[in-house]
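Here are some notes on the model you sent. Please read them with the structure open.

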Amino acid sequence: MLLRGSLVALAAALVSSVSAISPGFPYGSQKVRGVNLGGWLPWITPSLFDGTGNDNIVDEWTFCQLQSRSVAQGKLQSHWDTWITEADFAAIAAAGLNHVRLPIGYWAWDVSRGEPYIQGQLPYLDKAVGWASRHGLKVIVDLHGAPGSQNGFDNSGHRVGFPAWHTESGAVARTNAIIRTLASKFANNPSVVPIIAPLNEPAGFHSEMLGTIKQYWFDSYGSIRFPFGASQQSNTIVLLHDAFKGLSYWNDFMTGGEPAWSGVAMDVHIYQMFSNAEVARSDDEHISVACSQGSALSSFHLWTIVGEWTPAATDCAKYLNGRGRGARYDGSHDNAPRTGTCLTKTGSGATFSPDYKTFLRKYWEAQTITFEKGAGWVQWTWKAEQADDWSYQAGLRHGWIPQNPTDRKFPGICG
């Protein structure tokens with residue numbers, strides 16, 4: 001474990017022997033425009049879970065635990081083979097995008113504590129990097145789930161009442177070991193894998209976790225920026241998440257630039273549907289809120305990438321809040337007040353009204369214009385099942401996302 005002071009001293013001592021970072025993409029001068037490969041290697045795709053016939057299967061942990069191992073293995077293997085292929089990488093590049101963010105769970109490397117997860121994801125990570133190389137795309141490798149769960153959400157692999165990553169014996173050490181493995185694997189390939197995100201969405205809203213999160217960010221910095229040992233730094237960017245605390249919380253974190261801290265970026269996820277107040281906003285209010293976020297993104301001291309966001313403005317997408325948990329928008333989630341019907345807000349884009357498609361285009365443009373005041377954006381997600389409002393691929397097909405991401409129908413939408 002490296003403490004903050006030790007890392008600063010190490011970096012300062014090395015200033016004469018190392019060069020400034022030279023990442024595989026000109027962050028800061030060229031905008032990140034990308035998509036997440038959601039639902040490929042960790043949880044998300046509803047049909048996988050509906051097909052089990054078991055309502056108690058609500059995440060990848062229970063998917064592997066509560067059905068025959070051979071059956072679960074077969075379903076996952078088929079899904080990995082088909083959900084994302086090289087044709088998707090070709091289409092992403094053809095759409096004018098330059099990055100993909102690839103979420104992957106810790107269990108791809110380590111089930112040493114007897115977790116029920118099925119392994120087999122790593123060959124697909126290798127395929128993705130090869131496909132990205134062939135099609136001129138950059139890959140952000142994102143550790144999306146950690147032992148014990150870093151947030152308690154199903155997207156961590158295990159939906160639990162309270163995250164245990166910071167308290168479970170050995171969990172943080174296991175996570176650090178995986179990051180060291182990732183850093184070593186891609187240290188010599190920054191032209192294709194310029195960024196490693198050491199942990200997705202740790203639950204900083206639980207204040208008792210913040211100390212562990214901060215220390216883990218320091219340790220991850222050491223692992224990713226110095227994978228060769230103390231004598232040589234890598235050209236790999238460390239992409240930290242704001243832990244749901246907002247950029248202002250991190251204003252004095254890893255300040256100072258070269259040599260004290262270099263090659264650090266901040267990931268923020270900006271959604272407007274995970275509270276009753278947000279889903280009750282009007283279309284114009286959603287756009288106004290999106291436009292208001294530019295100042296914080298442009299003034300932050302680290303490169304700031306909005307690593308998850310969506311043109312959807314409701315939580316109507318199937319299982320977005322978790323399998324069996326309904327939606328706030330139609331009042332079916334936790335007795336939320338009903339705002340409207342979900343029937344016209346999600347599903348197939350072929351059923352969306354012209355007015356709704358116009359809103360999706362306006363909201364998409366408002367967000368991309370705003371997020372490019374920072375270092376750029378990575379939309380969630382390339383493909384979505386039964387939720388075209390979340391899908392970049394479907395947006396291209398149905399017209400609310402332009403074939404060139406710099407094209408604007410509403411260039412003055414944010415004033």
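In which sense, left-handed or right-handed, does α5 pass α6?

1. The crossing is right-handed where α5 passes α6. The model is a predicted one. The axes of α5 (residues 86-94) and α6 (residues 122-135) cross at roughly 35° and come within 9 Å. On the α5 side, the contact is made by E86, F89, A90 and A93; on the α6 side, A128, W131, A132, R134 and H135 take part.

2. A nonpolar patch on the surface is formed by F153, F205 and F244. Together these residues have about 260 Å² of accessible area. F153 sits in the loop that runs between β3 (138-145) and α7 (171-186).

3. The peptide bond from W380 to T381 is cis, with omega near 10°. T381 belongs to the loop between β8 (376-379) and α13 (392-398).

4. E201 is not a glycine, yet its phi is positive, near 45°. This residue is in the loop between β4 (195-197) and α8 (210-225). With a relative accessible area of 6%, E201 is buried, since the cut-off for buried is under 20%.

5. Y319 is another residue other than glycine with a positive phi, here near 65°. Its place is the loop between β7 (303-308) and α12 (354-371). Y319 has a relative accessible area of 18% and is therefore buried, given the cut-off of under 20%.

Conventions
Residues numbered from 1 in each chain as written. Predicted model: local features only at pLDDT ≥ 70, side-chain atom pairs only at ≥ 80, totals over all residues. Heavy atoms only, no water. Patch = residues over 30% accessible without salt bridge, like charges linked within 9 Å, V, L, I, M, F, W, Y side chains within 5 Å. Areas by Shrake-Rupley, 256 points an atom, 1.4 Å probe, with all protein chains shown as cover. Salt bridge = Lys/Arg side-chain N within 4 Å of Asp/Glu carboxyl O. Helix = DSSP H or I, 4+ residues; strand = E, 2+ residues; numbered from the N terminus. Axes fitted to C-alpha atoms, helices over the stretch in contact; angles between N-to-C directions. Left-handed = near helix turned anticlockwise from the far one by under 90°. Contact = heavy atoms within 4.5 Å. Buried < 20%, exposed > 50% of the residue type's maximum accessible area, 1.4 Å probe, protein only.
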